[in-house]
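Hello,

Please read the two side by side.

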Amino acid sequence: MSETPDRIGRLIDAAHRGEDLSREDLAFLLSLSDEASLGALETAANSARREYVGDAVHLRGIVEFSNFCRQNCLYCGLRRDNRDVVRYRMDEDAVLAAVHGIRDKGIGTVVLQSGEDPAYTRGDLCRIVGRIKDETGLIVTLSVGERPREDYRAFREAGADRYLLKHETASPDLYRRLRPGCTLEDRLRCLKDLRDLGYEVGTGNMVGLPGQTPEILAEDLLLMRSLDADMLGIGPFIPHPGTPLADEPGGDLAGTLRVLALARLLTRNTNIPATTALGTLHPEGRIRALRAGANVVMPDFTPESLRARYDIYPGKAAVPDGDVLLARLREDLILLGRQIGKGPGGRSGPR
Ligand code: 5AD
Ligand code: SF4
């Protein structure tokens, strides 16, 4: 046992130097729950963040343009069997108006997010992407779930630059249980298609899922690394009362920060947001993430009247409006000695 503190220090130093950690070593670090080892991970990740991506915090404005979803993920409030959700779809002009609002704030990237909603055809989404590029020149990130490769190709040709598709969990069994009718294999095929088509690709997971072990979280980190994803969204699972997982405990701040810090150490120059889920779970969540390796914040610019209906997890309704979040972030960044990023904020440097 007396070797444990040594082993922790040795592993964190090795990760900081850019060495690969084995699945066993990662699982060991992820199985700890003491403050000292978390503090050491946060410090190392913050230093790696400064070294590889600098002090800039990049902003991505999100527009959640439809909360319809054909999937039935056990964890998600938008699952198709949740009859309590008042569903909405924004039309092309409404999306464009929200995107112009983002551009007017000086934010360089928009993330268009929705459930898996087939009502938006390939042509519909291409038209929206094309208009955003023509009218605003913003970097466009799509996050609309699994679609045929031909759709991904068409969106790319229409001008989409980036795509977010979280792998959610690297355990094929857990994946199948939590996402009925879906497989991790299909998910990974989509991620490969996106990468082949020249997108900057984002993936990520949830922390604190029922049945998730330190070994599975280690696999999440190894998968993030082997996919060579450009962006990594890492957030706590927050149980939603309108889902079959309502009574599960969910993820916590410390456990999520542990995964985030390790992701920074292992992937060095990726873009890692302080996720909205972490900011929702804990009042200090966003700032703690920014001090543990995160370098991106994603303010929400979904129109006020619809935002509460994008009810993925509880607390989402109280997510501050993009402008409010920006004002708070500016204060936080002064304390942190960091600045809002300029330019597209894509992944830079060698992988
Ligand atoms: N808690 C936290 N995150 C969730 N997501 C879905 N449901 C939940 C939940 N209950 C995340 C998933 C998905 C993204 C849109 O929201 O990771 O990729
Ligand atoms: Fe749909 Fe995504 Fe929610 Fe699953 S996580 S139900 S795919 S919105």
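Buried positions in helix 3 are Ser37, Leu38, Leu41, Glu42, Ala44, Ala45, Asn46, Ala48, Arg49 and Val53. Here buried means under 20% relative accessible area, exposed means over 50%, and partly exposed is in between, using a 1.4 Å probe and protein chains only. Helices (H or I, at least four residues) and strands (E, at least two) are DSSP runs, numbered from the N terminus.

Before going further, the ground rules. This is a predicted model, in which local features need pLDDT of at least 70 and side-chain atom pairs count only at pLDDT 80 or more, while totals for chains, interfaces and linings use all residues. Residues are numbered from 1 along each chain as its sequence is written, chains are lettered from A and ligands numbered from 1 in the order in which they are written, and side-chain values use heavy atoms, with hydrogens and water left out.

Back to helix 3. The cover over its buried residues includes helix 1 (4-16), helix 10 and helix 12 (285-290), where contact means heavy atoms within 4.5 Å. Helix 3 has 19 residues and spans 26 Å from its first C-alpha to its last, close to the 27 Å expected at 1.5 Å a residue; the expected span is 1.5 Å times one less than the number of residues. Gly54 follows helix 3 and has a positive phi, near 80°.

**The second largest pocket**

Helix 10 gives the most, with 4 residues. In total 20 residues line the pocket, and Leu30, Leu32, Asp252, Gly255 and Arg258 lie nearest its centre. By class the lining has 8 nonpolar, 8 polar and 4 charged residues. Ala, Val, Leu, Ile, Met, Phe, Trp, Tyr, Cys and Pro count as nonpolar, Asp, Glu, Lys and Arg as charged, and the others, Gly among them, as polar.

The space in this pocket is about 290 Å³. On a 1 Å grid over the protein atoms alone, a pocket is an open set of points where a 1.4 Å probe fits, with protein on both sides within 12 Å along at least five of seven lines; lining residues have an atom within 4 Å of a point. Points are joined across faces, edges and corners, and the volume is the space filled by probe spheres set on them.

**Ligand 2**

The residues around ligand 2 are Cys69, Gln71, Cys73, Tyr75, Cys76, Arg79, Gly115 and Arg179, each with a heavy atom within 4 Å of it. This shell has 4 nonpolar, 2 polar and 2 charged residues.

Lys316 sits in the loop between helix 13 (304-307) and helix 14 (322-336). Lys316 counts as buried because its relative accessibility is 3%. Neighbours within four places in sequence aside, Lys316 contacts Glu64, Thr280, Asp300, Tyr310 and Asp311.

Arg162 is in strand 5 (residues 162-164) and is likewise buried, with a relative accessible area of 3%. With neighbours within four places in sequence left aside, the contacts of Arg162 include Arg60, Thr109, Tyr199, Glu200, Met231 and Pro344.

Glu168 has phi near 70°, a positive value in a residue other than glycine. Glu168 is in the loop between strand 5 and helix 7 (172-178), and is buried at 12% relative accessible area. Arg268 also has a positive phi, near 55°. Arg268 lies in the loop between helix 10 and helix 11 (276-281) and is partly exposed, at 27% relative accessibility.

**Some distances**

- Ser31, in helix 2, is partly exposed at 43%. Its C-alpha is 41 Å from that of Tyr88, 57 residues apart along the chain.
- Asp186, in helix 8 (residues 184-196), is partly exposed at 26%. The C-alpha atoms of Asp186 and Gly202, 16 residues apart along the chain, are separated by 16 Å.
- Pro303, in the loop between strand 8 (296-297) and helix 13, is partly exposed at 29%. Between the C-alpha atoms of Pro303 and Gly255, 48 residues apart along the chain, the separation is 32 Å.

Regards
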